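Here is a short briefing on a protein model. Look at the rings first, then at the metal site.

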Amino acid sequence: MTSSPFIIRLSGLKEGQHEFKFKVEPSFFEQNKFIDEVSGKLNLKVLLDKKLNLATLDFEFDGTLILLCDRCNSEMNYPLNYTDKLYIKFGHESYENTDEVIVLHDGDHEMDITSYIYEFIQLAIPMKKVHQEGDCDEEVINKLKEFQLNKEKENKQDSTNIDPRWEALNKLKSK
Ligand SMILES: [Zn+2]
């Protein structure tokens, strides 16, 4: 038995549609390390359509992700509404798992969907994460600008002062 809260029991399921509901809480994001810093609260509805030898699982995420803004690096709420699909085949020993099709053998009576939840949320995170116009943390933006300006000044100074080691090397070369 597994202690995962994201289990779908398949044994004894009749053919037809079945609905499963889960809650993805901030603890899920803490336990599963995402590529970017992300948290949130989502409702997940899984609609399972069981046929004789296969099943389709429709995932429907609905809620809010908390992402870090690319511009000001402070938290932003991102309303999420994302759907995706999985296919399951039952009992075909010769089939290999692929990205879309999962093969469950006769002995598999339950399925832990944690890794698929992770994968789908990862897919749902937008490439560009920026606050709406005017919502950015201006204090941070100003600090970043200041930092950038100082950096530019430093770079200018660097290029006017020639490193004495290079000078020595140049002298050697010209001999
Ligand atoms: Zn921002």
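This is a predicted model: local features need pLDDT of at least 70, side-chain atom pairs count only at pLDDT 80 or more; totals for chains, interfaces and linings use all residues.

Residues are numbered from 1 along each chain as its sequence is written, and side-chain values use heavy atoms, with hydrogens and water left out.

**Aromatic pairs**
- The whole structure holds 10 aromatic pairs. Rings of Phe, Tyr and Trp (its six-membered ring) pair if their centres lie within 6.5 Å; planes under 30 degrees apart count as stacked, over 60 as edge-to-face and the rest as tilted.
- Phe6 and Phe28 pair edge-to-face, with 5.6 Å between centres and 90° between planes.
- Phe6 and Phe28 are both buried (under 20% relative accessible area; exposed is over 50%, partly exposed in between; 1.4 Å probe, protein chains only).
- Phe59 and Phe61 are stacked, because their ring centres are 6.4 Å apart and their planes meet at 25°.
- Phe59 has 1% relative accessibility, so Phe59 counts as buried.
- Ring pairs join Phe6, Phe22, Phe28, Phe29, Phe34 and Tyr118 into a cluster.

**Zinc site**
- Cys69 (SG), Cys72 (SG), His131 (ND1) and Cys136 (SG) coordinate the zinc ion at 2.0 to 2.4 Å. Donors are N, O and S atoms within 2.8 Å of the metal (3.2 Å for Na, K and Ca); water is not among the atoms, so sites may look incomplete.
- Along the chain, the zinc donors follow the spacing C-x2-C-x58-H-x4-C.
- Cys69 and Cys72 are both buried.

**Charge over a ring**
- Lys50 lies over the face of Phe90, 5.2 Å from the ring centre (NZ of Lys or CZ of Arg must be within 6 Å of the ring centre and within 35 degrees of the ring normal).
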